Amino acid sequence: MTDRASFLAAIRSTPRGLDPGLPDRREAPDAPTQLRAGEERPDRLQAEAEAASTIVHRVTAVDVGATVASVLVQADAQRIALTTDLAPFADDVQAALVAAGLTVTDYVEVAPDRARAGALDATVTGCIAAVAATGSVVTSAAGAGRAGALIAPTHICVVRDEQIVGGLHELFDGDALAEAGSLFALQSGPSRSADIEKVLILGVHGPGNVHLIIVAPD
Amino acid sequence: MSATREDVGGTPLPPGWAKPAHQPDAFELTTTTFAERAAKTMARPFARGAIANATDHAAALTTARFVGTDHEALREEARKIRAHAIANLPDYLDQWIDQAERKGTIVHYAADESEARRIVAQICTDQQITRVVKSKSMASEEVSLNSALEAVGVDIYETDLGEFVVQAMGDRPGHVIAPILHRTKDEVHELFSAMAGHELPNEAEALTAFAREGLRHAFLTADAGISGGNFLIAETGDVLLVTNEGNGRLTTSLPPIHIALVGIEKVLPRRRDLAVLLPLLTGHGTGQQITTYVSVSAGPRRQGEPDGPEQMHVVLLDAGRSALLGGEFEEALHCIRCGACQNVCPVYRQVGGHAYGWVYGGPIGAVLTPLFRGQEEAGELAQATTLCGACDDVCPVKIPLHDLLLNLRRRSDAEGHVPRHEQVAFALWAQVWSRPLLYRASTAVARGSLRALARNGVVSAKSPLLRRWTAGRDLVVGKRPR
Amino acid sequence: MPDDVGMTAAVQLFPTCIGDVVAQQTATDAERVLDALGIDHHRPSATTCCGQPAYNSGHDGPARAVAKATLKALDDGSDLPILVPSGSCTSMVRLHWRELFHGTPEAEAATRIARRVRELSSYLAEHTDALRELKPSLAVRVGYHDSCHMLRELRIKEAPREVLQTVAGLELVELDSSERCCGFGGTFSGRYPDVSVAMADTKIDDMVAAKIDVLVSSDPGCLMQLAGRMSRQGTPVRAVHLATLMAEALA
């Protein structure tokens, strides 16, 4: 068996190629995944998310619960789980769902049993950030869990205005990822495949019905 | 296996649905020539049309994606990052291993293909793994991993829709991003209907739903998930995985054990480098701003996290990579497997991925295959290109594929792998054409012979010397009658 | 130094080996266009081939031996532009000879010649005003094929189009596949004839769909490929060199 020392020694024994040095980040070139001058973050987030077939709702804090309830009623979701990163809105959402006659569980309770997690109709999660220029929400293992955002056919993610970063540079240079735990993940719209003759199918292994609720600042 | 394990949702696939995995020595490369393999695809008109359409479509999406941005500057930045990472590969790998182990990842070292097979099979045996879900991994294709797992009694489920079809057909992926580019909906319909035991609707949506149900059951019951990795981040010990279907994340989240097989060249220094590489990988791969799922994990589930594997293993794969460091082919290691060079290659467009005989098709395949499999077995691939340079212009990390292909041809010559008749022909040619008088005489003879052969200014005779030209073409030597 | 230097010439012309064997008309037509423009020209008598067939097959030794003959023929002590009616051969001399002759006694001369060679259409594009005054005219629908080395190594894309657009009555159509390789690829066309022909066919389908009368290119290799395939198929599209089309328009 090759061990670390011999494995690396073999690589180290090779001649060294030309090193142009790491480029200076301050002069990073433009990418489509950056915010453009004059763009408002929530607007770009909405545009990009919608371009990726996410259904976007822009609400104030008081309407989060009702919005979640109406989406789930419309989706006819029976088995619904909330993740812990929904915290600022969890009580409101819970109340609204109960008022709508829906029963709710905590993802933390369901997740250890794969069969139960796999049988969920919908999950409602928060996030640790959203990326405006890619239309993505960023979830963490510590919050939404690894699979919380994609285990069920419907996923609703709630993002607060101040959680939105402009582009990928801002995401990776900022501190949003610091407490993510064993995984952070970007998801941008419904699960999709075009493997069969380029026909786009939404909802392959992950959700086909994806909602993003952007909560305006108070 | 208990009955309760099976009763979880989804619909189990029928026993024996998967064709036996290919053995490590079963690559067509060893038994056939490029021309023979190309002929097979070219004999299927639909496959050719599908390949051409799909690659044109993807290439157009890539072009559109970067309109209005400084694409060239972004590519140059990416080139520098990749060149820097590869020039300092041992240091960054060392750093990655430190960070990954600190976060609880168990790191394994595979010097070659057979060691990679042994390591993963051993983990399966040790952990009593009998069912594995797999997310698309070209590295696992390189080492023929599935056959090693079958040998220790593991059932494998390829979960990428395209790879699932490939596995059920006993085929091989035809493209690094779009594995069943060369297959029709009708073929998938026939295949899935046979698996289902009844006629399914012949629509992509229904066919996808069938695969989802079968694979959902596998996700919920598998003992381990096996993935590749698109990048390793040295500063944090991360493994990054991009998918669109979500199968990558489910593979690495639901089963109690995650095993990733990753080539050592996939290392990037920092997370912030992703801000440059990720849009290029996805923009050049599928034309997307970003793929639907980007998952970045380091280590197994931690205290307080609701889900995730209890063990995370990463198998670092060398298998011919370190041998390229510091040499004239080092830039081949910069490749991020986006498939863009396949999409613009006029040869790939005609012949598809299988013609290349191994794992990678198109220009990067014509470079990597001879480098990884040896000149003797695969040197021919460097000839199977017109050196048109379209690949150079599209590569997101600016690999000089044209130069690498030319250098491979030179190496073939230097190492004596060129057929004797070709060497003799070029030596003779040089003797004559390096002397202006002989040159003039020879061209006069050639002109005279062509004139003698020509009818109305056109040579179409299948004379032995011209046979390879005139089989499908004329030689127009004068003004063609209108 | 060859003794046949054209003392009054303003440019030299290197006809290339394909020009010497199958496409003699190309150099003749190039000379007719230069004549019309009043540009003195001269063909060095001892040129052979630029060495590309061997170079691109990885046989640097034979390539160097052959290229050396042409180098000697071209290196006449003048600094006249050397016009080449082939993007591919221009790119070989201009970009690859330096590497081919690196470390040999010919290194300096190779650099000298590399600076002098000009692809024909890019030279003519500097004379579009003069061309227009000559009132070239031809009522044809034309498509242009960008040859790979000219487009991607020399980065010449607009020049031939600018030259064609001096012709009254000529309608220039942009083909969807104008930048895609025709499948010639030098020795590739003989190694993989079926793939090569299939590649030509996708270009030809595009030309037929675009209903062009004439396909114009600046590379005799591509023209040999496309004209040869169209002749075999009976496709009603002529494939001619830019020099030929211009000579006809000026006649």
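**The sheet and its setting**

Reply: Happy to. Chain A contains 7 helices and 12 strands, and the model we are looking at is predicted. Along the principal axes, the C-alpha atoms of chain A fill a box of roughly 70 × 50 × 40 Å. Of the 218 residues in chain A, 52% are buried. Contacts in chain A with a separation of 6 or more are 76% between residues 24 or more positions apart.

Now to the sheet itself. In chain A, 6 strands make up an open sheet with parallel pairing, and their order is E1-E12-E7-E4-E2-E3. At the edges are strand E1 (55-59) and strand E3 (104-106) of chain A, each of which pairs on one side only. On average, neighbouring strands of this sheet are turned by 20° against each other, direction ignored.

Helix H2 (residues 41-51) of chain A packs on it and touches E1 and E12 of chain A. The direction of this helix makes about 155° with that of E1(A). Helix H4 (residues 87-99) of chain A packs on the sheet as well, where it touches strand E2 (80-82), E3, strand E4 (122-125) and E7 of chain A. Its direction makes about 160° with that of E2(A).

Let's zoom in on E12 of chain A, which stands between E1 and E7 in the strand order. On one side, E1(A) and E12(A) run parallel and are joined by 5 bridges. Within that pairing, A:Val59 stands opposite A:Val215 in E12(A).

How enclosed is E12(A)? Since 7 of the 7 residues of E12(A) are buried, the strand is largely enclosed by the rest of the structure. In a regular strand the side chains alternate between the two faces of the sheet. Both faces of E12(A) are covered. One side has A:Asn209, A:His211, A:Ile213 and A:Val215, the other has A:Val210, A:Leu212 and A:Ile214, and all of these are buried.

Stepping back to the assembly, 2 pairs of chains touch, and the pair with the most contacts is chains A and B. Chain A and chain C have no contact, and their closest C-alpha atoms lie 20 Å apart. Chain C meets chain B instead, in a contact that takes 46 residues from chain B and 42 residues from chain C. Several elements give two or more residues to the side of chain B that touches chain C, among them helix H19 (401-414), helix H20 (420-433) and helix H21 (436-453) of chain B. H21(B) supplies the largest share of that side, 6 residues.

Buried residues account for 59% of the 251 residues of chain C. The chain is divided into domain 1 (11-123) and domain 2 (135-250), and the centres of these two domains of chain C, taken over C-alpha atoms, are separated by 22 Å. Across the boundary, 27 residues of domain 1 of chain C are in contact with 24 residues of domain 2 of chain C. On the domain 1 side, the largest share, 7 residues, comes from H2(C).

Finally, a word on confidence. The model scores ipTM 0.97 and pTM 0.95. Chain C averages a pLDDT of 95, and 96% of its residues score at least 70. One stretch to keep in mind is residues 1-6 of chain C, where pLDDT stays under 50 and for which the model has 12 contacts beyond four places in sequence.

Notes. Residues are numbered from 1 along each chain as its sequence is written. Chains are lettered from A and ligands numbered from 1 in the order in which they are written. This is a predicted model: local features need pLDDT of at least 70, side-chain atom pairs count only at pLDDT 80 or more; totals for chains, interfaces and linings use all residues. Two strands pair if DSSP finds at least two bridges between them. Helices (H or I, at least four residues) and strands (E, at least two) are DSSP runs, numbered from the N terminus. Axes are lines fitted to C-alpha atoms, for helices over the stretch in contact, and angles run from 0 to 180 degrees between N-to-C directions. Two residues are in contact if their C-beta atoms, placed from the backbone, lie within 7 Å. pLDDT is the predictor's confidence in each residue, from 0 to 100. A residue is buried if 20 or more other C-beta atoms lie within 10 Å of its own, exposed if 12 or fewer, and partly exposed in between; C-beta atoms are placed from the backbone. Domain bounds come from an automatic or database domain assignment.
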